[in-house]
Amino acid sequence: MAGLHRSSSRNVLPPQELLDDLCSRFVLNVPKEDLESFERILFLVEQAHWFYEDNSVEQNPSLKSLSLREFTSLMFNSCAALRPYIAHIDDIYKDFTSYKYRVPVTGAIILDESYDKCLLVKGWKPGSSWSFPRGKKNKDEEDHTCAIREVLEETGFDISKLLKMDDHVEVVAGQQRVRLYIIAGVKEGTVFAPLTKKEISEISWFRIDDLLPAGDDMTSRGANGLKLYMVGHFLAPLKAWISAHPPATTQRSDTPAKGSSVWKAKGGSSGGAVSNESALPRAGSGAPVDTRPGRSFRNFRFDAARILQALDTGFGT
């Protein structure tokens, strides 16, 4: 845990009581089947990290904001049920990061009434890319259900009544399947605002013609140097869909190449004066589809009995 110190009164690590509460709430107090693999355990730790950043740090600014890697180290060192595996944490975390990129992702390409523009969202961290609203599927979640949930969380817009099961485009990037449903005919004046904290910094309409086609990399550059993530890969099938489903109106958009921002977070990575005061904590964990033990992580496996026993014996060493 190099680099983690309690030296500054405004940069304080979470106290043991808080870590105990997070471990109990997010790691131990779950169904037994969720304690049978490192994959699921690490997703639960990630949820605890979101809660810590979105609530604990926000309510107590003296607490140190932690990366997921730092937070995971703290949880493994502090939670009695996880402590036996601390020696393997580097391999566990490395394999977990790799595993996350194999979890299926779904979302939506939201088009305006002329099918000339699409809606993109920008991540919270400085230097984040623009992308279509999307996210990882939860365990046993249907593709369209995940898309509805993720788009609602990231934009505040409910696509459930506009979603058509057959209207989607899908690409496979590495080992990850990404499906985006085409939601066409949304009014440009629609109000958008994310329901999650510290995940989206800006929402904007962009002309499709200003987004460059895909290259070999996940990240590409659009007009005026716009940084895009997994946008170009969908442009060719999207344009083919538009050609087969022409819009009712042929009026072209006059949106500038840099895009037309419809929401910008206050204090986010891109600054701005617009904020969403009613934002909710992130709800989805992107849980893996297959959580059977022994599927990855170099054959590591949790002792579920030991973890369950922790519920009765408390958090002592």
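This is a predicted model: local features need pLDDT of at least 70, side-chain atom pairs count only at pLDDT 80 or more; totals for chains, interfaces and linings use all residues.
Staying with charged pairs, the count for the model comes to 17 salt bridges. Another of them joins the side chains of Arg25 and Asp21, with a distance of 3.2 Å from N to O. Here the two partners lie in helix α1, and because they are four residues apart, about one helical turn separates Arg25 from Asp21. Arg25 has a relative accessibility of 40% and so counts as partly exposed, while Asp21, with a relative accessible area of 33%, is partly exposed as well.

Arg177 is partly exposed, with a relative accessible area of 22%, and Glu170 is partly exposed at 35%.

Let me turn to the helices, and return to α1 in particular. The axes of α1 (residues 16-28) and α2 (residues 38-59) come within 9 Å of each other and cross at roughly 130°, and the two helices are therefore oblique to each other. In passing α2, helix α1 makes a right-handed crossing. On the α1 side, the contact is made by Leu18, Leu22, Arg25, Phe26 and Val27, and these meet Ile41, Leu44, Val45, Gln47, Ala48, Phe51, Tyr52 and Ser56 of α2. Sorted by class, the residues of this contact divide into ten nonpolar, two polar and one charged. Arg25, then, takes part in the contact with α2 and also in the salt bridge with Asp21.

The other helix pair I want to show is α3 (residues 68-78) with α4 (residues 89-100), which pack at an angle of about 135°, their axes being 11 Å apart. That angle makes α3 oblique to α4, and the crossing of these two helices is right-handed. From α3, the residues Leu68, Arg69, Thr72, Ser73 and Phe76 meet Ile89, Asp90, Ile92, Tyr93 and Phe96 of α4. By class, this contact has six nonpolar, two polar and two charged residues.

I will finish with the backbone. Most residues other than glycine have a negative phi. Against that background, Tyr115 has a positive phi, near 60°, and is found in the loop between β1 (105-112) and β2 (117-123). Is Tyr115 buried or exposed? With a relative accessible area of 16%, Tyr115 is buried, the cut-off for that class being under 20%. Lys198 also has a positive phi, near 50°, and lies in the loop between β6 (176-186) and β7. Lys198 has a relative accessible area of 30%, and is therefore partly exposed.

Note on methods:
Residues are numbered from 1 along each chain as its sequence is written. Side-chain values use heavy atoms; hydrogens and water are left out. Axes are lines fitted to C-alpha atoms, for helices over the stretch in contact, and angles run from 0 to 180 degrees between N-to-C directions. Angles under 35 degrees count as roughly parallel, over 145 as roughly antiparallel, 65 to 115 as roughly perpendicular and the rest as oblique. A crossing is left-handed if the near helix is turned anticlockwise from the far one by less than a right angle, and right-handed if clockwise. Contact means heavy atoms within 4.5 Å. Ala, Val, Leu, Ile, Met, Phe, Trp, Tyr, Cys and Pro count as nonpolar, Asp, Glu, Lys and Arg as charged, and the others, Gly among them, as polar. A salt bridge is a side-chain nitrogen of Lys or Arg within 4 Å of a carboxyl oxygen of Asp or Glu. Buried means under 20% relative accessible area, exposed over 50%, partly exposed in between (1.4 Å probe, protein chains only).
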